[in-house]
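Biologist: Could you walk me through a few local features of this model?
Modeller: Gladly; please have a look at it here.

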Amino acid sequence: MKATVERTPLPTGREAADVLVVGASAAGLSTVEALRRQGYAGRVTVLGAETHAPYDRPPLSKQVLAGVWDPDRAQLRSREALSALEAEFILGEPAVGLDAATRTVRTASGHTLSADAVVVATGTRPRTFPGQAGLAGVHVLRTLDDALALRDALRAALLDSARLVVVGDGVLGAEIAATARTMGLDVTVAGPQHAPMASQLGPRVAGLLAELHTGRGVRLRPGAGVRGLVGSAGAVTGVGLDSGEVLPADLVVVAIGADPVTGWLQDSGLRVDNGLVCDSRCRAGEGVYAVGDVARWHHDQLGALLRLENRTNAGEQAMVVAANILGGDRAYTPVPYFWTDQFDTKVQVHGFIPTGADAETDADADAGMTVVDGDPATGRFVARYRHAGRVTGVLGWNMPKQTRLRRQDVADALADGPARATALR
């Protein structure tokens, strides 16, 4: 570890003498790789809270959870590839404070690290219910260790014919439910929406997803607000709904969203508001940048602050952050994108599917949605969405190539500028 040193402000446009990346995630690793690809030969240090080398999170709720993949397969790079980056990885050492003026990070063990440029890549942390930590049989899924613990619990539950309740009907909850049901478990999903992922997919496609789940044997409890967990003798026994009903459960997964890991930035002098707030260059302060799930940056084409929690954003944003650390002046203006794999279905979304979009050509349940390729009845289609006469997003259901081709419609709408693109939010 290095001693704290005083730093003068880093003039804009000057190449950093050294870079400290806080967070050994996909976003953090991608930043390091982008720096090297762009010719940076200086010192790089990566500080990670977990003891694991950088790994990929999307497989955790699917292949790793199902036991199809060995955990090592989720590693993002081999030991040799990491070594070739010539970066120092300090793992198992959470950051607990940042002095933005001197770009000095304090760690949980009392060490300090300073750099000319600091990249915040600390990701998010799962939300939980009060008292959840004291109940056996309750799980969250964010880290590799979480996934392995849940995998073991699912295997044991399968042998005991135990009942699994997934609390949360977003993408993570839906993916966990699909994986667990595929393994053969008795699965119930409880959440406040009328169908899984309704806020991300719109009512019509969320309805198709609900049909997919129920057709495979998942019990859905739509419109079910969850009051809390019920336990006995230190173990979970059920999930209490706002209606007063208790869903019996031997195993519970809580997937009710996540919060950006920004508590350690509280006294940093930087603005924290649902993430580390950045300008359009992903810069939170002089010489301080943010990347990945924790970054809430100004999207110039949308004219608004945006924070995205997905794997694609982590990689794309890292390239821009690296370029700007090296003296560039690049705004980050991606077409938002996410995907999910559930059972044998792949759903992809480029852009946004706004609530209350107005009709394009038909007046179905999703005003503003038009099927432009395929047919929902066949299980393969691409839909385009409009709002105020403008394309806002495209969604593909088991048609990845055609969905990718339609992405340009969203990119063209974004390129028209913030005044017109406001409708996309």
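**Burial, ring pairs and a hairpin**

Modeller: To begin with, this is a predicted model, and in it Y337 counts as buried because its relative accessibility is 16%, under the 20% limit for that class.

Biologist: How many aromatic pairs are there?
Modeller: The count comes to three aromatic pairs. One of them joins Y337 and W339, whose rings are stacked, with 6.3 Å centre to centre and 25° between the planes.

Biologist: And W339, is that buried or partly exposed?
Modeller: W339 counts as partly exposed, since its relative accessibility is 25%.

Biologist: What about F381 and W397?
Modeller: F381 and W397 also form a stacked aromatic pair, with 5.9 Å centre to centre and an angle of 15° between the planes. F381 lies in strand 26 (residues 380–387), whereas W397 lies in strand 27 (residues 390–397), so this pair ties together parts that are 16 residues apart in sequence.

Biologist: Buried or exposed, those two?
Modeller: F381 is buried, with a relative accessible area of 0%, and W397 is buried as well, at 7%.

Biologist: Switching topic, how do strand 4 and strand 5 run, and how many bridges join them?
Modeller: Strand 4 (residues 95–99) and strand 5 (residues 104–107) run antiparallel and are joined by four bridges; within this pairing, D99 stands opposite T104 of strand 5.

Biologist: What lies between strand 4 and strand 5?
Modeller: The two strands form a hairpin with four residues between them, and in that turn R103 has a positive phi of about 55°.

Note on methods:
Residues are numbered from 1 along each chain as its sequence is written. This is a predicted model: local features need pLDDT of at least 70, side-chain atom pairs count only at pLDDT 80 or more; totals for chains, interfaces and linings use all residues. Side-chain values use heavy atoms; hydrogens and water are left out. Two strands pair if DSSP finds at least two bridges between them. Rings of Phe, Tyr and Trp (its six-membered ring) pair if their centres lie within 6.5 Å; planes under 30 degrees apart count as stacked, over 60 as edge-to-face and the rest as tilted. Buried means under 20% relative accessible area, exposed over 50%, partly exposed in between (1.4 Å probe, protein chains only).
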